[in-house]
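The sequence and structure come first, and the description follows.

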Amino acid sequence: MNEDDLPPSAPVRRRDAAATRASILRAAREAFTRLGYDGAGVREIARAADVDTRLISRYFGSKEGLFAEVVDLAYQKSLMMTPDVTGEAARALLTGEDEAASDGLLLTLRSASNERAAAIMRASIEGNYQRKLADALPGADADARSALLVSICSGVLLSRMLLGNTEMNGPDVERLVPYLRAALDAVARDPAADVRRDP
């Protein structure tokens with residue numbers, strides 16, 4: 001019997017670590033968004049990702065580690081609300097259809113009752129987005145002002161996208177942009193510059 005007469009061997013299934021990791025993150029994001037931190041189980045996430053639960057431990061260490069990575073991804077795409085772009089930010093907050101922002105809000109709301117999950121989300125916001133925003137703001141109290149801007153943004157998105165506020169979802173929502181821009185400007189600009197301009 002020569003080599004050509006042998007039956008073909010079954011193809012070896014190779015594990016693609018990056019694809020496996022991405023699949024787990026997708027399944028986890030969906031589960032945490034739908035069920036919150038307490039409601040989403042590691043077994044359910046592994047089943048949805050079509051992987052063994054041990055791979056979650058291997059790639060993320062724990063459910064907390066997985067949640068932290070999902071949170072960082074969910075909060076990744078954020079608006080900069082520096083003085084030069086408050087008009088664009090106001091328009092995006094009031095008129096943008098951002099599914100990622102909606103998912104981030106749902107994940108936050110459904111997980112906030114868990115103390116550890118709340119700490120993970122707070123650390124992500126403060127250490128990433130809020131930090132970048134503070135670094136880009138002119139003037140004093142940039143850390144506190146960036147926290148206020150993040151809170152304004154979160155409140156508008158919550159009212160508009162999740163609660164369906166009528167005024168913020170009407171056909172003439174564009175008329176609200178100047179008001180929101182003024183609110184963002186009041187926090188984003190350097191307060192000392194206003195004092196210097198006063199006679």
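In this predicted model, the side chains of Arg 131 and Asp 143 meet in a salt bridge, with 2.9 Å from N to O. Arg 131 belongs to helix 7 and Asp 143 to helix 8 (residues 142-162), so the pair ties together parts that are twelve residues apart in sequence. Asp 143 has a relative accessible area of 45% and is partly exposed. Arg 131 is also partly exposed, at 34%.

Arg 131 has a salt bridge with Asp 135 as well, where the closest N and O atoms are 3.2 Å apart. Here both residues lie in helix 7 (residues 115-136), four residues apart, which is about one turn of the helix. In an α-helix there are 3.6 residues a turn, so residues three or four places apart point the same way. Asp 135 has a relative accessibility of 58% and counts as exposed, because the cut-off for exposed is over 50%.

Another salt bridge joins Arg 34 to Glu 44, with the closest N and O atoms 2.8 Å apart. This pair links distant parts of the chain: Arg 34 sits in helix 1 (residues 17-39) and Glu 44 in helix 2 (residues 42-49), ten residues apart. Arg 34 is partly exposed, with a relative accessible area of 41%. Glu 44 counts as partly exposed too, at 24%.

| Salt bridge | N to O distance |
|---|---|
| Arg 131 and Asp 143 | 2.9 Å |
| Asp 135 and Arg 131 | 3.2 Å |
| Arg 34 and Glu 44 | 2.8 Å |

The count of salt bridges in the model comes to eleven.

The helix that holds Asp 143 is helix 8. How far apart are the end C-alpha atoms of helix 8? They are 29 Å apart, which agrees with the 30 Å that its 21 residues should span at 1.5 Å a residue.

Which residues of helix 8 are buried? They are Ala 142, Arg 145, Ser 146, Leu 149, Val 150, Cys 153, Val 156, Leu 157 and Arg 160. Just after helix 8, Gly 164 takes a positive phi of about 70°.

Note on methods: Residues are numbered from 1 along each chain as its sequence is written. This is a predicted model: local features need pLDDT of at least 70, side-chain atom pairs count only at pLDDT 80 or more; totals for chains, interfaces and linings use all residues. Side-chain values use heavy atoms; hydrogens and water are left out. A salt bridge is a side-chain nitrogen of Lys or Arg within 4 Å of a carboxyl oxygen of Asp or Glu. Helices (H or I, at least four residues) and strands (E, at least two) are DSSP runs, numbered from the N terminus. Buried means under 20% relative accessible area, exposed over 50%, partly exposed in between (1.4 Å probe, protein chains only). The expected span of a helix is 1.5 Å times one less than its number of residues.
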